[in-house]
Amino acid sequence: LHANHPMTRYKQAEFEEDDSSSVGSVQLTEGVSATTTHIRYHTGTTLWKARSLLEKCLLVITATLLLLVFVLATLLSGTGRSEPAMQVLHVGLPMTVEEYCLTVPCVTAAASMLSSLDMEVDPCQDFYQFSCGGWVRANPIPDGKSMWGTFGKLEQQNQLVVKNVLEKPFVELKSKAEKKAKMYYLSCMDANETIEALGAQPMLDLLKKIGGWNISTSNGKTFNVSSWNLQTTIMMLQNKYNMGGLFSWAVGEDDRNSSRHVIQIDQGGLTLPTRDNYLNKTANEKILSAYLDYMTKIGILLGGEENSTRAQMQAVIDFETKLAEITSPPEDRRDEEKLYHLMPLSEVQNMAPFMSWRDYFTDAMRSIGRKVTPKEMVVVYAPEYLQKLSKIIQNHTTTAEGKICISLY
C-alpha cells in the first residue's frame, strides 16, 4: 500500500476488522509513519470476551480452588516444621528384626510355648495334641494328683515363692501381716515338735467341748447321748470352726437385687466329691472302701476299738448316702431362675424345723452385732433338699442309735 492514499489504508483496516473472527487475528491501525507499519495483538481481551458466562464462572472457580490449595499447602508445611512428627504405632507382624522382643523374659516365654507344641502332629487333624502334646509329655501327672495342668503347676511354683518368703528371717519382714504369716508357717512346721508332743489331745479336747463322740472315751467317760444337742454342735462346728455339714450357707449379693446382701442357703454335707460316689456303689467300690478305711484309721488313732469303730463309721457312710439321695444332681441345677427362692426366715423354719434357724444365724452374726429376726429375708436354693433333710434328721433323733450316728457324722 502507498502511504499517500488514506482511503486505501482505511479500507484495508476495515477489511481486516471484518476478518477478525479468528482468534489471534492481526489488525492494522492508523498512526504509522510513512515508512513503518505497526502491528498490535489483542489476543487476551478477545479470548475473555469470546467466552460464555458459564465458562467465565468455571474459570473463576478453578482459579479460586488453586489459590486455596496453595494456601493450605503453605500452612501444612509450616506446621510440619514447628511440631514434632506424629508417632505411628504399627500393629501387626514386625517388619524388621529390631522390632522383635529379644529380652530374657520374652525369649524364655517363647521357648516355653514352642516346647509345649507337638510339631509332628497336623493341627488340622488334632489341634489339642498339636498345641499341648509337648507339654503333656514333659509333665506327667505327679503322684497323689488326680489331674495336672498349667494352672496346677503355676500354683505349685507360687507356693515355692511364698515358702521362700516365709523362710526369711523376721528382721527382713516389713509388715505385721508377713510376721503373722511366718508365725503360722512355723507352727505348722512344728520345728520343736510341739504338735507331736501334744498328740491327739487337742482333738480330744475339742470333741469333749462339742459333746463328745461314741468312738473313744474321754477321762474314762463314754459318750452321753442324752446330753448331746444337735443345735449346739452345729453352731460351734460351723460358725466357730468353719466346718461344713448337713447344709451350706453364705452371705452374698441378691441375684435379683445386687444393691443388697442376703443370707443364701443351699444343699451340702457330702464328704466325697459327688453324690454319684455314694449312689453308684459298683463303680465307686474302691473309693467307698478307701473312705471307710481312712475313717476307721482316724477313729483308732483317737482311741477307738477297731471293729466297733469300723461299724460306726460304716453307719456314717450310710447316713451320707441318704444325704446323697436327696441331693439334686448338677444337671438339674443349671437354671438359676428355678433355684432362686426368696423367703422370710420364718418360712425356712416351717420348711425345716430340725433346728432353730434364727438362733443359728444370730450366733453366726454375733461377732458383728447383726440382729436376725424371723422376718429376715433369705434366699434358699434347695427348698426340697431342706424339707427332706429335716425328715431324715427327725427320724434319726427319735432313737439313741440315730443320735449317735449324727454326732459321729
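**Close-up views of a predicted model**

**View 1. A nonpolar surface patch.** L54, L58, I61, L65, L67, L68, F70, V71, L72 and L75 form a nonpolar patch on the surface, with about 1,000 Å² of accessible area together (Shrake-Rupley method, 1.4 Å probe; patch residues have over 30% relative accessible area and no salt bridge, and nonpolar side chains are joined within 5 Å; a salt bridge is a Lys or Arg side-chain nitrogen within 4 Å of an Asp or Glu carboxyl oxygen). I61, one of these residues, belongs to helix 3 (residues 53–82) (a DSSP run of H or I, at least four residues). With a relative accessible area of 49%, I61 is partly exposed (between buried, under 20%, and exposed, over 50%). The model is predicted: local features need pLDDT of at least 70, side-chain atom pairs 80 or more, while totals for chains, interfaces and linings use all residues. Residues are numbered from 1 along each chain, and side-chain values use heavy atoms, without hydrogens or water.

View 2. Q267 lies in strand 4 (residues 257–267) (a DSSP run of E, at least two residues) and is buried, at 11% relative accessible area. Beyond four places in sequence, Q267 touches F247, S248, T327, S328, R333, A382 and Y385 (heavy atoms within 4.5 Å). The C-alpha atoms of Q267 and S248 are 5.9 Å apart, although 19 residues separate the two along the chain.

**View 3. An aromatic cluster.** Ring pairs link F247, W249, F354, W357, Y360 and F361 (centres within 6.5 Å; planes under 30 degrees apart are stacked, over 60 edge-to-face, the rest tilted). The whole structure holds 10 aromatic pairs. The rings of F247 and W357 have centres 4.9 Å apart and planes at 50°, so this pair is tilted. F247 lies in strand 3 (residues 247–254) and W357 in helix 16 (residues 357–364), so the pair ties together parts 110 residues apart in sequence. F354 and W357 pair edge-to-face, at 5.8 Å centre to centre and 75° between the planes. Both F354 and W357 are buried.

Terms used: Buried < 20%, exposed > 50% of the residue type's maximum accessible area, 1.4 Å probe, protein only. Patch = residues over 30% accessible without salt bridge, like charges linked within 9 Å, V, L, I, M, F, W, Y side chains within 5 Å. Phe/Tyr/Trp six-rings, centres within 6.5 Å; stacked < 30°, edge-to-face > 60°.
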